[in-house]
Amino acid sequence: MINMFKKGTAFILSFILVLGLVIIPSALPVNAESTEQADQVLNQDISKVTTTFYGDTTSSKGFTWYTSKQLTDSTVQVTKKSGGKPDFNNALTFTGASSISTNSPEELVHKAEASGLEANTIYSYRVGDKTRGVWSKEGTFQTAPDSGSFTFIDIADTQAKTEEEAILSSETLEKALQTVTDAQFVVHNGDIVDTGTTEDQWNWLLGHSQDSLLHTTIVPSAGNHEDENFAFYEHFHINEPTGSATETGAYYSFDYSNAHFIVLNSNEDSEKYANFSEDQVEWLKKDAAAAKKAGAKWIIVNIHKGPYTTSNHATDDDILGANGVRNQIAPLMAELNIDFVMQGHDHIYARTKPITSEGKATSPEKITETLNGETIEYSLNPDGSIYVIPATAGPKVYYKNKSEELGDSYYRLFEKAEEHHAAIYGPDPDKNDRPKRSQVQNFVGITIDGDKFTAVTYEIDQNKNEAKPFIVDQFGIIKKDTATSTDPVVSLKDISGHWAESAIHSGVTAGYITGYTDQTFKPNAYISRAEFITMLGRALQMKETTSSLTFTDSKEIPSWASSYLSQAVEAEIVSGYGDGTFRAGNSLNRSEITTWMVRAAGLTVTNNASLSFTDKDSVPAWAVPYVATGVKAGLVSGVGHNRFAPEQLTTRAEAAVFIAKLLTVKN
């Protein structure tokens, strides 16, 4: 099979066409473009439009689209987006090339690039046949910033056997873009369709996703379901390395702000590497090394057949074998300083710990923050690469792999390795070794901001929450230069392995947690009112005050707490009981500590607020507005089964986590 997009041939043909040296007879009358009906027919003839990164992401884009053989011109028009309808009269115009589709011979595949654009700018565009005046719907894209934060979406395995299932996959993409509203592009981890050589499946998927795809940039990797006959390569304009093979897919890379992205093709085979050619592996090594040398802060890989999954393919020969991905490719990820690996192929959600080149999981220091009202843990300078498989954006799902060949030691490599959430709906009627199809879909929103990487995983359950996305996982990575760090060494001897270790450690590092004289923290002991107000005062770095305490039991307040308590009283964070006492030695319950934190955060309290907890009637009336405000701001959350537990006493570990959340909200 001849690759119809050999670059030299394509551009020579384009050059000849532009010069008008070759005249191709048209099946339509000369004035077809002036006939409204004919124009409408041809307009609908432009389909499967995709936008990709091609070249410098700050100044260029790649475009692919399909037409009938009647539309031979390949033109892209680009203009800066304005408030109204885009004016293409003075647009930048770029000419590409077309060729006959390998798997759909009655169609032409068009490819073109736009270049010389401005960084971090939103553009409107359209593709089509300029000679006939026939254009696609208008789309938009954004060029990459030179630097600064950015957000993208990760999905995998949209593959669908029917048009109905393709509609489901398109709805996942649409909901992802509606949820992660600031996403500049979408990464797809492969298996885009079910049978790549069946063009109808591309028509279904790209057709029903067209409105979404017209307004984002896609970063696709080739899955094993589109590994033949240029099925992947012809649908996306990929800037692959010169001379690399493209019949089974393509591999390529690009820079975006301070990150370098590497997209691999796991459809190649060689004696040394299952799923990879030796050429591709050598390219990977050189590309990653060059990116690091050029100053990339983050290196991220997109691969379809990944090494660390928890479902069917975890025990496949091409993954587990001597020349398999886990034994031959995974060690390279850590050696090449790959931070994060996005995988497909296995249709289940899973997330590993950082994994070294020896295949061992490490336990980095964790920094705890609050995001979306829940705790998120960031791995600080992890030793190894973190792997995530984002389940599926489409219909097909797998059960968790319980093979003895894997064993407990394998699953200890994972932070998240749950049974597929669709398992509760029972086996699929057509294939009972898998959960029921089309019930649960997933996607991940990822933000990179300087030295901070934040990922939020969403789930769509067709039977819950009106099929609206909800969060099922949050995690992150922070890179910090420890060479110049002056942080104190944590020496508390009873927090190692505790669930709140990272929050306690953060408090020690920041100076508001000191522990006891015997170098213990006693994380499971209840915190007293005096202890918490001292911890809070240090965390907030309250200003000194000369006010004296007027509580009737002031003499019972420890001297180490009195200054912080005076400041908290003056700031109207705390007050005493009705009898004038403070009761410094009493333990704090969740109603009291929430009230203090809301006041300390300076949040506006709505007095007529209501609660949705099942035990809301147990929350004291005076605390209801504070609890409602704290929940809304992400300071506090329930304790399980939608309960708030207002009278439950607070441990010292919980207090450390509460203060970490407070500092996040204030900042």
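# Chatting through a predicted model

Me: What do residues 551-609 look like, end to end and in helix and strand content?

Reply: Their end C-alpha atoms lie 31 Å apart, and the span is 41% helix and 0% strand. Helices (H or I, at least four residues) and strands (E, at least two) are DSSP runs, numbered from the N terminus. This is a predicted model, where local features need pLDDT of at least 70, side-chain atom pairs count only at pLDDT 80 or more, and totals for chains, interfaces and linings use all residues. Residues are numbered from 1 along each chain as its sequence is written, and side-chain values use heavy atoms, with hydrogens and water left out.

Me: Thanks! Where is F521, then?

Reply: F521 is in the loop between helix 11 (501-510) and helix 12 (529-540).

Me: Is F521 buried or exposed?

Reply: Buried, with a relative accessible area of 0%. Buried means under 20% relative accessible area, exposed over 50%, and partly exposed in between (1.4 Å probe, protein chains only).

Me: Which residues is F521 in contact with?

Reply: Leaving aside neighbours within four places in sequence, the contacts of F521 include L492, I504, Y516, M535 and R652. Contact here means heavy atoms within 4.5 Å.

Me: New topic: how many aromatic pairs are there?

Reply: The count comes to 33 aromatic pairs. Rings of Phe, Tyr and Trp (its six-membered ring) pair if their centres lie within 6.5 Å; planes under 30 degrees apart count as stacked, over 60 as edge-to-face and the rest as tilted. One of the pairs is F340 with F475, which is tilted, at 6.2 Å centre to centre and 40° between the planes.

Me: What does the pair of F340 and F475 tie together?

Reply: F340 lies in strand 16 (residues 340-344) and F475 in strand 26 (residues 470-478), so the pair ties together parts that are 135 residues apart in sequence. F340 is buried, at 1% relative accessible area, and F475 is buried too, at 2%.

Me: And helix 6, which of its residues are buried?

Reply: In helix 6, Q280, V281, W283, L284, D287, A288 and A291 are buried. They cover an arc of only 155° around the axis, which puts them on the same side of helix 6. That arc is taken from the directions from the helix axis to the C-beta atoms.

Me: What do those buried residues pack against?

Reply: They pack against strand 13 (252-256), strand 14 (259-263), strand 15 (298-305) and helix 9 (330-335). The face turned away from the buried side of helix 6 carries the exposed residues D279, K286 and K293.
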